[in-house]
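Here is a colleague's note on one model, written for a reader who wants cut-offs stated alongside values. Please read the points with the structure open.

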Amino acid sequence: MDIRYASHPNEVKKFDTERLQAEFQISSLFTPNEIKLVYSHVDRFIVGGVLPITGTLHLQADKKEMAADYFLERREIGIINIGGRGTITVDGTVYTMDSKDGIYIGLGAKDISFASDNAAEPAKFYFNSTPAHQTYPTVKISISEATPAHLGSINTSNERTIYKYIHTGGAQSCQLVMGMTLLKPGNMWNTMPSHTHNRRSEVYLYFDMPEDAVVFHMMGEPQQTRHVVMRNEQAVISPSWSIHSGVGTNNYTFIWGMAGENQIFDDMDAVAMKDLK
């Protein structure tokens, strides 16, 4: 398990490209037949990637870092499949997961495993996990069941559809909020005008990108902006004090996960375009 510590904004002002990447970018999440885990002290997120090829992979607690007998002993988890068809088994119940299907699994589930239907087109399970204090039921959410919101326009290069999977009007959770944003062809910008939300942090996973494409992920305080160059299937941690916008060389898809004091999707501190520096 890779450990990331929280960084004060006054210190981040001094970071060069390599230090920004080391602190905030998660560059490799999907390794064949492995479960990759990154533990962030920002709201105690655990970000993970699962790529089962030839067998079944079991999610287990890192006892040194988590001091838990099983992964969801004190946690909840949201998972979205960004690859081919696969299955997630939760305490003996099997859930078939097509591409862009999601699932919420609550506190107390003990046996969680992952498999692909076809090794040639394997599933890729991306997840966010946060601390939990109450058990909510396991719920599968296909993309057709997620709550859509159509935003932006071609005039501002940000026409997109936001799909909410785990939120106050959908699958219930203790604090985790999770969804996916699909940009339409010809659109490159996300979350601009930008915002912060001092009551919670966020993690983005960028994917559905060509090999030679990049997204310039904007971060930092609104008056001290920085950027991190993101490639396909890389994630980035966004502390509560940081903006989190991006512009790509072509359209792309990203999964967003949030944790913190509340679950209100619109709880944002908007930043006027004239105030960005």
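Predicted model: local features only at pLDDT ≥ 70, side-chain atom pairs only at ≥ 80, totals over all residues.

1. Residues are numbered from 1 along each chain as its sequence is written, and side-chain values use heavy atoms, with hydrogens and water left out.

2. The structure holds seven aromatic pairs, where rings of Phe, Tyr and Trp (its six-membered ring) pair if their centres lie within 6.5 Å, and planes under 30 degrees apart count as stacked, over 60 as edge-to-face and the rest as tilted. Tyr 204 and Tyr 206 form an edge-to-face pair, because their ring planes stand at 85 degrees, with the centres 5.9 Å apart. Tyr 252 and Phe 254 form a tilted pair, with 40 degrees between the planes and 6.4 Å from centre to centre.

3. Ring pairs link Tyr 204, Tyr 206, Tyr 252 and Phe 254 into a cluster. Tyr 204 is buried at a relative accessible area of 4%, given that buried means under 20% relative accessible area, exposed over 50% and partly exposed in between (1.4 Å probe, protein chains only). Tyr 206 is buried at 0%, Tyr 252 at 1% and Phe 254 at 2%.

4. Lys 124 lies over the face of Phe 30, at 6.0 Å from the ring centre. The criterion for a charge over a ring is that NZ of Lys or CZ of Arg is within 6 Å of the ring centre and within 35 degrees of the ring normal.

5. Strand β7 spans residues 86–90, and five of its five residues are buried; strands (E, at least two residues) and helices (H or I, at least four) are DSSP runs, numbered from the N terminus. Both faces of β7 are covered, with Gly 86, Ile 88 and Val 90 buried on one side and Thr 87 and Thr 89 buried on the other.

6. Which strands pair with β7? Strand β8 (residues 93–97) runs antiparallel to β7 and is joined to it by five bridges, and strand β10 (residues 112–116) is likewise antiparallel to β7, with five bridges; two strands pair if DSSP finds at least two bridges between them. Thr 89 has Val 94 as its bridge partner in β8, while Val 90 has Ile 112 as its bridge partner in β10. The hairpin of β7 and β8 has two residues between the strands, and in this hairpin Asp 91 takes a positive phi near 50 degrees.
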